[in-house]
Amino acid sequence: LFFLFNSLPRNRIKVDAQRKKPFVLKMPMELTQSRIQKIWLPNDNRPALPRRSCGPQLANSPTVIVMVGLPARGKTYISKKLTRYLNWIGVPTKVFNVGEYRREAVKHYSSYDFFRPDNEEAMKVRKQCALAALRDVKLYLTEEGGQIAVFDATNTTRERRGMILNFAKENGFKVFFIESVCNDPTVVATNVMEVKLSSPDYRDCNSTDAMEDFMKRINCYQASYQPLDPDNYDRELSLIKVIDVGRRFLVNRVQDHIQSRIVYYLMNIHVQPRTIYLCRHGESDFNLKGKIGGDSGLSNRGKKFALALNKFVEEQNLKDLKVWTSQLKRTIQTAEALQLPYEQWKALNEIDAGVCEEMTYEEIREQYPEEFALRDQDKYYYRYPSGESYQDLVQRLEPVIMELERQENVLVICHQAVMRCLLAYFLDKSADEMPYLKCPLHAVLKLTPVAYGCRVESISLNIEAVNTHRERPEEAKKGPNPLMRRNSVIPLASPEPTKKPRINSFEEHVAVSSALPGCVPQEVPTQLPGQ
Amino acid sequence: PARELTQNPLHKTWEPYDNGLPAGHSAQRGVCMTNCPTLIVMVGLPARGKTYISKKLTRYLNWIGVPTKEFNVGQYRRALVKKYKSFEFFLPDNEEGLKIRKQCALAALNDVRQYLSEENGHVAVFDATNTTRERRETIYKFGEENGYKTFFVESVCVDPEVIAANIVQVKLGSPDYVDCSNDEATEDFMKRIECYKNSYETLDETFDKDLSYIKIMDVGRSYLVNRVMDHIQSRIVYYLMNIHVTPRSIYLCRHGESELNLKGRIGGDPGLSVRGKEFAKSLAQFINEQNIKDLKVWTSQMKRTIQTAEALGVPYEQWKVLNEIDAGVCEEMTYEEIQENYPLEFALRDQDKYRYRYPKGESYEDLVQRLEPVIMELERQENVLVICHQAVMRCLLAYFLDKPAEQLPYLKCPLHTVLKLTPVAYG
């Protein structure tokens, strides 16, 4: 078996050609279906493409995304959010924040003087940090299986950008610039308050001093700032200029699919405060019987939950709440209790269990013992026969995520597997963790964007229900069998952005949520060792 | 007490009902989610691709289920002024001409209003030069008065080669120039463009900062996007940013005949029959002879399309979204068996084949939604061969040939036939 490294962010498998002339076919198109993913692959002895977890073989070159902009313009916010999105859709992406490298190099930040353009010593250090970060970018993209590296720094001079372009050229990387331009003093001040005052740089300062110092810091960059100039000097570059927090965009020379998706994403996100509520339908008749899938109605307790949900929503006192359901009866019945308009999305339907639909787990174990075992081995990639996998779910939920980004207050009434996928996006959970996230019946998760991540509150509505959660079985806790590992895009949680000892193999990487510490929902398990 | 739900027998969606009647309040997640209709206003000098964009965008929006119609002011002018004489009609000081042209614009706007406010249209594309602020002001006010959102699409291009190519592609064949030689037509048209230049006021960063618009520069090299207001505008921008005009061909075909085809059974995941394998080999030969530069090959994740691709000896990509329509409980049945076991379903399908959803399966309407990313990627690509399935191929074909939903499920897509699609002029 072999795979080409798939740089494409969806469930598409690239298959190389049979190395024979088309007219001299010895093998009559024999195929075998892979056991976990149910993918049909040729079973002649085609040489495997080297499946190092290094970079792609034939696929698109890796891309370096270069952030550009004065301090407090949202570069890190965009970097982190974009990285989270790309990882969720299956494109291995990592942020390299030069400020973090600087904090490693210069243990104690004294004042804005460090950033003065005439501070030669500091300029030297800052350049070294940028180079160190670029070295790690190179490693990530060429040896650690990364597909996209986000280089998060001000990069405000042509000289600096020129250096990065050379670096990319030497290494065969594509470059895409994202510049954030904003001159609205209110926005800048808000940003400084939201994320700068709490920076490690200012841990020993009071807010006023910190604010004052940071404004002087911004000033240090102003004189030498050369914005991207797509009309002339930067005509040949691929870039997007985000102006005034998304009011306007200038896009130049989008080169490929992933850049097009990045542009689309950036054009759909916003920073308006809002809340997203995720919950499952009320307990269903099938839940009571332990049957999976199907299209049953609510049990009595499920109906009670629907009423409790109505009360909860009223108490939240929200402006303009949108309510979304799937097209399965149980979510719609739940929404009906709210007496609000709601929209039905087929894309929110529960994972299709194919031949196992409407069976209990015992029945599945009895009738399809091999399938039952395979699912526990690799629950993210496992596709039910004639059904779907979590990986398939992510692909069909992507338009939901895109629309959620566009919206403001939304309540999504969905299903266990679907909710896990959505939650993984918001909390930056890896593919490995996603199928085991705890999403119990009769509880609502309230997600609020804050700083660089998402605050999550779990609210149980105190109506009894069956527990439908299955823990990761002991044997499978060792971690995914490397032979089973599909080289085509392994969705990761966005790797830890701070500078750390280099990670040897990205499969061993420990996923970390980008949410602020202390904001892990009560029901999401903590990291299991070795994962 | 919560309302009862009933499942619509045709598209299997659950709807609340009061007193035995569907209450019909919950929105189906079709595609268009704007509350107000949208008025798209094209802006640009002649021969900048406005009509090309209008038609293509209209075709796309209709395909994804957003009722859209274009209103080309030039056509209104041709209806009013039976015979086009020369560019002089467009001279800025030709009062008679100006009067007629304004009349045509207003007539077109009137039809726009009828379409959006009385005929359930969601989007109207107003295709004219609209090169002055005055004209755009008029249209914007019209939009406001009627409760429409207005979105401007401006095409800016100064490359003389592009303009010349456009003229050759679509202007020489215009009814205006039916009695002219190519040289005469070109010369007249160039003078026509000149008539607009002096008064051309491009969308401006400052003056038009509160308008929603996209400015397309140099046939898509760069874009300026201002104040996207809602979902549909966001989709329009995404679409416009993915299309291109580089010549290329798209090949559509089905997998070779399968074992289940032979038995008259639908769906399933069978392999190729002997004849199907023969087809795969012939397809390889055909593709070879076509001598296509950088051909991409796409298949579904079903065995029969993959087996077909294997014969080609080139790399291919498997897309799950290209899988055949899911026939749910009817999978692997023959039509006789369906008629016997599910007579009601059998009858319903013939009633509205586009919207009919198999029990626990899909409808053509569902297919279109899942194929949209395929269409978007096809727009980005150049030469592509898509090896897929009957229902899937019908959906893709309907997009390219602008076939409406009623016709889509009946498009002829026989086995062992390749459709070669090449963009030309406006189609």
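User: Why does His281(A) count as buried?

Analyst: Buried means under 20% relative accessible area, exposed over 50%, partly exposed in between (1.4 Å probe, protein chains only). His281(A) has 2% relative accessibility, so it counts as buried. Some ground rules: this is a predicted model, where local features need pLDDT of at least 70, side-chain atom pairs count only at pLDDT 80 or more, and totals for chains, interfaces and linings use all residues. Residues are numbered from 1 along each chain as its sequence is written, chains are lettered from A and ligands numbered from 1 in the order in which they are written, and side-chain values use heavy atoms, leaving out hydrogens and water.

User: What makes Glu350(A) count as buried?

Analyst: Its value is 15% relative accessibility, and therefore Glu350(A) counts as buried.

User: Which residues does UniProt list for "active site"?

Analyst: The unreviewed UniProt entry lists His281(A) and Glu350(A). They are spread over 70 residues of sequence, yet cluster in space, with a largest C-alpha distance of 10.7 Å. UniProt positions are given in the numbering used here, feature names are shortened, and annotations may be inferred rather than shown by experiment.

User: What links the side chains of Asp392(A) and Lys320(B)?

Analyst: A salt bridge, at 4.0 Å from N to O. The rule asks for a side-chain nitrogen of Lys or Arg within 4 Å of a carboxyl oxygen of Asp or Glu. Across the interface of chain B and chain A, the rule finds four salt bridges.
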